[in-house]
Amino acid sequence: MDFGGRTSLFGPFLAENPPFGAQPFPCHFRGRNPDFFGARIPIFGDFSLFHSSPFQHLLETPFGVVHAWISGSPRPGRPSLVTWPDVGHTHRTCFSELFGHPEMSEIARSFHLVQLEPPGMEEGAPPYPSGYQYPSLEQLAEAVPGVLQGLGIRSIVGVGVGAGAFVLAKFGLLHPEAVEGLVLVNLDPRAKGWMDWAASKLSGLTTSTNEMILGHLFTQDELAAASPVVRRLREHLPAMPNAPLLWTMYTSRGDLGLERSGARSLSCPVLLVVGDNSPHEDAVVECNAKLDPTQTSFLKMADGGGQPQITQPGRLTEAIKYFLQGMGYMAASAMTRLSRSRTGSVTAGEGERSRSRTLSRGSIGGGAAPPPTANP
């Protein structure tokens, strides 16, 4: 089966297991073959991070097969919580610490949780054939509407990291009616210039692609210290044979072209997150300046490192709770009691960005109002 010059790896399966009804691609498949790993059957293992055992779906798109790990079911009048991991990650390696945090269970119980993985990035994925043209980040964003349609999802709150943040932000620009909020960690909205491209090419002559991915994920201090999370990812990357293809697309991405207003603006509430001394710190600061200050909160996490969703899941959980409460989806009675050092505060600033939110020590304010005070 051919989609725009790309060959579906699952053509034989689709021939024997047609999709539901007459829905256009992509949509999820019938689970008629219990031995096929993409059927809607529970995948067992250590899933303490979920409030129930997730199900895996395969969704065919014009750009490859997207894997979706689903927990819970859609709730009327409430968006689904949809995640997209960074390059070099699966949904598990990127988000297990965050969704495994005890306080995050409140969110997991309140939302339909859908964790997406881009084509070929799931655990155990076979390598694509030589010469395979991997989709660009922009094309992956174009595939998201069909994925959501296949899962029966009408609106989302997206949680993306790195490349995943770029994809979800692009989706938010293309389909603002489907996005109610975005939590974007390490978002770099800029296209790489020719000097960056040349530097990347030179680095590639002396550094392996996996090491360049690690340099994208972690700070230099973290890499030098070889922390446990760095060691885990370094051991994990050789099992992701297609990660270099996604890395190439990430480093050759276009510019999001974000603007504060108009067609190039994100019209939904946005929580920007970056760790102190992260490789993406400057890019996220620049991104914050381009977004509507009345819709944007900026959290710079002290000691967050390059992967704050892994190293500081508790702080990020509280920030997400406040973010969702501001959207009306987390009742005040469900909020955790926070110490003064971890509650939001209003600080003086200048110009139109004079109202800033400080969500943790070392954070820099965006332009949103402070979170509500937690109930005693």
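The following questions and answers set computed values for this predicted model against the definitions behind each term.

Local features need pLDDT of at least 70, side-chain atom pairs count only at pLDDT 80 or more, and totals for chains, interfaces and linings use all residues. Residues are numbered from 1 along each chain as its sequence is written, and side-chain values use heavy atoms, with hydrogens and water left out.

Q: What makes up the secondary structure of the chain?
A: The chain has 13 helices and 12 strands. Helices (H or I, at least four residues) and strands (E, at least two) are DSSP runs, numbered from the N terminus.

Q: Why is Phe95 called buried?
A: Buried means under 20% relative accessible area, exposed over 50%, and partly exposed in between (1.4 Å probe, protein chains only). Phe95 has a relative accessible area of 0%, and is therefore buried. In the chain, buried residues make up 55% of the 376 residues.

Q: Why is the pair of Phe95 and Phe99 called edge-to-face?
A: The structure holds five aromatic pairs. In the pair of Phe95 and Phe99, the ring centres are 6.2 Å apart and the planes lie at 70°, so the pair is edge-to-face. Rings of Phe, Tyr and Trp (its six-membered ring) pair if their centres lie within 6.5 Å; planes under 30 degrees apart count as stacked, over 60 as edge-to-face and the rest as tilted. Phe95 and Phe99 are four residues apart in helix H2 (residues 91-100), and are therefore separated by about one helical turn. Phe99 is buried, at a relative accessible area of 2%.

Q: What makes the pair of Tyr128 and Tyr134 tilted?
A: The centres of the two rings, Tyr128 and Tyr134, are 6.2 Å apart and their planes are at 55°, so the pair is tilted. Tyr128 and Tyr134 are both buried. Ring pairs join Tyr128, Tyr132 and Tyr134 in a cluster.

Q: How do you know that the charged end of Arg78 sits over the ring of Phe111?
A: The charged end of Arg78 is 5.0 Å from the centre of the Phe111 ring and sits over that ring. The criterion requires NZ of Lys or CZ of Arg within 6 Å of the ring centre and within 35 degrees of the ring normal. Arg253 likewise lies over the face of Tyr250, at 4.2 Å from the ring centre.

Q: How do you know that the span of helix H13 agrees with its number of residues?
A: The expected span is 1.5 Å times one less than the number of residues. For the 14 residues of H13 (residues 313-326) this gives 20 Å, and the end C-alpha atoms are 20 Å apart, so the values agree.

Q: Why is H13 described as largely enclosed by the rest of the structure?
A: Of its 14 residues, 12 are buried, so H13 is largely enclosed. Among them are Leu316, Glu318, Lys321 and Phe323. Just after H13, Gly328 has a positive phi of about 90°.

Q: Why is Asp303 called exposed?
A: The relative accessible area of Asp303 is 62%, so Asp303 is exposed.

Q: How many disulfides does a search of the whole structure find?
A: The search finds zero. A disulfide is counted where a pair of cysteine sulfur atoms lies within 2.5 Å. Cys94 is buried, with a relative accessible area of 0%, and Cys268 is buried at 5%.

Q: Where does Ile70 lie, and is Ile70 buried or exposed?
A: Ile70 lies in strand E4 (residues 64-71). Its relative accessible area is 7%, so Ile70 is buried. The C-alpha atoms of Ile70 and Gln115 are separated by 6.4 Å, although these residues are 45 residues apart along the chain.
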